Amino acid sequence: QQQQNSTVVDLVSANDSLSLNSIFKEVENSVVQITRKVPPSNILSPSPESENASALGSGFVYDNKGRIITNNHVVGDAKIVDITLVDGNRYTANVTGTDIFSDIAVIEIVENLTELSSLPPPLKPLIIGNSSELEVGEQVIAIGNPFGLAGTMTTGIISQTGRLLPDQLTGFSIPNAIQTDTIINPGNSGGPLLNMKGQVIGMNTAGLFGSGIGFAIPSNAITRIVPALIEKGNYTHPWLGFTAATLTSDLAETVEGLERNFKGVLVDSIVKDGPADKVGIQGRITDQYAEKHGGDIITAIDGRIVNQTEDLISYIAENKKVGDKITLTIYRNGQFLDLEMTLQKRPSPLLYLTEVRSPVP
């Protein structure tokens with residue numbers, strides 16, 4: 001999905017890099033500050049401070065129609081937010097699409113774009129790069145508004161790719177998250193993570209304060225999900241209907257006859273009437289001593305080896321949609337079985353957490 005950037009001239013050739021200050025100058029006008037009003041914490045007796053409370057985050061320009069990408073948690077339940085450009089000009093934006101599962105949202109400037117295009121400087125979409133090409137050790141840049149400090153740039157490297165980022169709010173995980181040591185603080189959320197060509201290779205979404213560990217949603221997820229948010233306002237995720245965990249030596253000991261170094265994903269619990277339930281996949285059984293035993297072990301999906309939950313979740317997210325069929329290879333009672341299932345629509349977080357109280361992403 002690069003049509004939104006058809007009017008944008010690529011910053012550099014494929015093999016070149018820009019200096020840090022050159023990148024900042026090129027992209028600073030495309031990174032915005034986003035604020036939304038927060039309801040008073042004490043509805044019965046609101047204080048002046050709580051009445052004027054606001055949440056703050058970042059975003060970046062996606063296309064020349066005034067659409068901006070940010071995190072879902074930045075906009076929350078708001079329908080309208082305020083954006084502030086680097087030059088201090090403020091505008092109103094409608095929230096046009098949100099996806100709580102991927103933590104991605106699209107907002108759109110309400111004001112006339114003909115007027116906006118004449119502002120110094122004009123809005124310019126950022127180029128979306130390919131996050132699948134990232135390698136550990138590559139230098140990256142984060143730009144955002146940490147603690148309200150507008151237009152802040154920090155640098156670091158790609159610490160690792162393919163991380164599974166759990167979300168206790170939804171009970172699901174964001175796959176293929178980018179781990180970086182670039183400083184990510186409150187207010188950076190929704191801002192771009194850039195490579196040294198000035199391309200967006202991720203969207204900053206979380207940081208462990210004081211740890212030097214930050215996470216970004218991969219740009220390929222943005223490329224896949226944002227068009228649906230623009231067109232329909234939401235994105236439908238495919239769903240397997242069970243919880244699972246990467247098999248460890250300790251877990252292997254709870255499965256009779258299994259070697260300690262056996263690799264795969266151990267199925268924990270099954271959601272009733274979900275895809276897995278319909279084809280007879282078996283979860284773990286709790287005995288009278290409250291200890292769990294057994295459970296099917298997934299070793300492959302569509303013929304691709306599965307060693308950990310990241311392999312399973314990433315493959316589904318990147319290659320499948322609701323209604324598609326997949327074949328899971330499972331190990332059960334000393335035998336390998338191939339079970340074909342049809343992926344269903346992922347249920348709402350409230351429904352899912354009600355049916356599965358302790359989900360394992």
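Before I start, please keep in mind that the model is predicted. The chain has 361 residues, and 48% of them count as buried. Take the contacts with a separation of 6 or more: 62% of them join residues 24 or more positions apart.

Now the inside. The largest nonpolar core is made of 25 residues. I23, F60, I69, I104, L194, M203 and V226 have the most contacts inside this core. Which elements give two or more residues to it? They are α1 (20–27), β6 (104–109), β7 (139–144), β11 (200–208) and α5 (219–232). The largest share comes from α5, with 6 residues.

Let us look at V226 by itself. If we leave aside neighbours within four places in sequence, V226 is in contact with Y62, I69, I104, V106 and A221. There is also a second, separate core, this one of 19 residues. Among its members are L240, I301, L312 and M341.

Last, the surface. F147, L149 and F209 form a nonpolar patch there, and together they have about 390 Å² of accessible area. Where is L149 found? L149 sits in the loop between β7 and β8 (152–166). Is L149 buried or exposed? Its relative accessible area is 53%, so L149 counts as exposed, the cut-off being over 50%.

That is the end of my part.

Conventions: Residues numbered from 1 in each chain as written. Predicted model: local features only at pLDDT ≥ 70, side-chain atom pairs only at ≥ 80, totals over all residues. Heavy atoms only, no water. Buried < 20%, exposed > 50% of the residue type's maximum accessible area, 1.4 Å probe, protein only. Contact = heavy atoms within 4.5 Å. Core = buried A, V, L, I, M, F, W, Y, C linked by side-chain atoms within 4.5 Å. Helix = DSSP H or I, 4+ residues; strand = E, 2+ residues; numbered from the N terminus. Patch = residues over 30% accessible without salt bridge, like charges linked within 9 Å, V, L, I, M, F, W, Y side chains within 5 Å. Areas by Shrake-Rupley, 256 points an atom, 1.4 Å probe, with all protein chains shown as cover. Salt bridge = Lys/Arg side-chain N within 4 Å of Asp/Glu carboxyl O.
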